[in-house]
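Hi,

Here is the structure I said I would pass on. Have a look at it first, and then read my notes below.

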Amino acid sequence: MLSLNDKKRLLSQYGPWALVTGASSGIGKELALQLASAQLHLVLCATNADRLQATASEIQNAHKVEVKIISADLGTPAGVAQLMEQTSGIPIGLAVLAAGYGTSGYFAQSQLPNELQMLRVNCEAVMQLTHHYSAQFAAQRRGGIILFSSIVAFQGVPHSAHYAATKAYIQTLAEGIAAELKPLGVDVLSVAPGPVNTQFAQRAGMHMAQALNPASIATPILTALGRRTTVYPGYLSQILHYGLSTLPRFARTFVMGKVMKGMAGRG
Ligand SMILES: NC(=O)c1ccc[n+]([C@@H]2O[C@H](COP(=O)([O-])OP(=O)(O)OC[C@H]3O[C@@H](n4cnc5c(N)ncnc54)[C@H](OP(=O)(O)O)[C@@H]3O)[C@@H](O)[C@H]2O)c1
């Protein structure tokens, strides 16, 4: 749970509205719930309109905030343009860009259309939306952007090579723009979780023996915004990150390959 001070800080620094993509499920949905508990109004985006509506109703029953839903496929230029257009005129101060998914297995045997779609959703759409909202936030001299990296982002990962590459792109982008935007009053946070129990594993075809609950990582994420550039939320993310960070890069790739081989193809 967020402290009263953190709720006040989130509302005053990043309110009155927050955009959350990937809000129909998992980490995005949990962050939306916590932001509503801090009295931020919400724009929620995902593809599945029914799940979005159910999330919006759940949030409005629990908290007295306004919620708008935008059903858009962020794997298409039209979906990204629709989201930008339908949020124009809404005083958004925080963009939480959680929409994304993973794949696993041997890269050479993967379905290229699915890999290209993941590249568009995980990287192209995130870059376009970050560009759009960071320009807006810089002009208003305040705002926050939360991007989703992963512990897989810090080395090559056999058996989930392309997904890890999409997350390395986000981690690198976040670190660079965080330094550029800080003097303009805009906070950028990269979130690098370990395994989290959401719809992610099933879609990625992975089996996670141990995973964190989305509720247990949402508070550390929102608490880190404005205070750090990268957060490893939850004990499992921290154990995995700090354990791996003592190893040279080739050894991290070897270890992550062994771990991912046990997880891949078993969703
Ligand atoms: N779970 C983990 O272990 C883990 C670990 C590290 C990083 N992450 C990252 O955390 C983020 C959130 O994942 P999660 O674990 O919460 O997974 P999740 O439960 O599967 O949620 C993914 C969200 O993204 C939305 N989405 C997927 N494709 C979309 C598209 N083309 N257009 C618009 N929305 C789309 C989904 O909604 P619809 O299906 O309705 O479109 C859903 O709301 C992702 O970026 C993921 O890579 C997850």
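Before anything else, a word on burial: a residue is called buried when its relative accessible area is under 20%, exposed when that area is over 50%, and partly exposed in between. Please also keep in mind that this is a predicted model.

**Salt bridges**

The side chain of R9 meets that of D6 in a salt bridge, with 3.1 Å from N to O. Both residues sit in helix 1, which covers residues 4–14, and they are 3 residues apart, about one turn of the helix.

Is D6 buried or exposed? D6 has a relative accessible area of 9%, so it is buried. D6 also has another partner: R227 forms a salt bridge with D6, and the closest N and O atoms are 3.1 Å apart. This pair ties together distant parts of the chain, since R227 is in the loop between helix 8 and strand 7 (230–231) while D6 is in helix 1, 221 residues away.

K29 makes a salt bridge with E58, the closest N and O atoms being 3.0 Å apart.

**Two buried residues to look at**

T219 lies in helix 8, residues 214–224. With 14% relative accessibility, T219 counts as buried. What does the side chain of T219 join in a polar contact? The partner is the side chain of Q34, at 3.2 Å. Leaving out residues up to four places away in sequence, T219 touches M1, L2 and Q34.

The other is D187, which you will find in strand 6 (residues 186–191). D187 counts as buried because its relative accessibility is 10%. Setting aside residues up to four places away in sequence, D187 touches Q13, Y14, G143, G144, I145, K182, L225 and G226.

**Empty space inside**

Rolling a probe the size of a water molecule over the atoms shows where empty space is left. How many cavities of 30 Å³ or more does a search of the whole structure find? The search finds 3.

The largest cavity holds about 60 Å³ of space. Its lining is made up of T103, S104, G105, Y106, F107, S110, E115, S160, A161 and H162. By class, that lining divides into 3 nonpolar, 6 polar and 1 charged.

The second largest cavity holds about 40 Å³. L74, G75, T76, P77, V80, R120, E124, A125 and Q128 line the second largest cavity. The elements giving two or more residues to this lining are helix 4 (77–87) and helix 5 (112–140). Helix 5 has the largest share, with 4 residues. The lining of the second largest cavity divides into 4 nonpolar, 3 polar and 2 charged residues.

**The largest pocket**

Finally, the largest pocket has about 1100 Å³ of space. It is lined by 45 residues, and G100, Y101, T198, Q199 and F200 are the ones that lie nearest its centre. Helix 2, helix 5, helix 6 (161–181), helix 7 (200–204), helix 9 (235–245) and helix 10 (249–263) are the elements that give two or more residues to the lining. Which helix gives the largest share of the lining of the largest pocket? That is helix 10, with 4 residues. By class, the lining of this pocket has 25 nonpolar, 16 polar and 4 charged residues.

Over to you, and happy browsing!

How values were computed: Residues are numbered from 1 along each chain as its sequence is written. This is a predicted model: local features need pLDDT of at least 70, side-chain atom pairs count only at pLDDT 80 or more; totals for chains, interfaces and linings use all residues. Side-chain values use heavy atoms; hydrogens and water are left out. On a 1 Å grid over the protein atoms alone, a cavity is a set of points where a 1.4 Å probe fits but cannot get out, and a pocket is an open set with protein on both sides within 12 Å along at least five of seven lines; lining residues have an atom within 4 Å of a point. Grid points are joined across faces, edges and corners, and a volume is the space filled by probe spheres set on the points. Ala, Val, Leu, Ile, Met, Phe, Trp, Tyr, Cys and Pro count as nonpolar, Asp, Glu, Lys and Arg as charged, and the others, Gly among them, as polar. Buried means under 20% relative accessible area, exposed over 50%, partly exposed in between (1.4 Å probe, protein chains only). A polar contact is a pair of N or O atoms within 3.5 Å; within protein, one must be able to donate a hydrogen and the other to accept it, and residues adjacent in sequence count only if both atoms are side-chain atoms. Contact means heavy atoms within 4.5 Å. A salt bridge is a side-chain nitrogen of Lys or Arg within 4 Å of a carboxyl oxygen of Asp or Glu.
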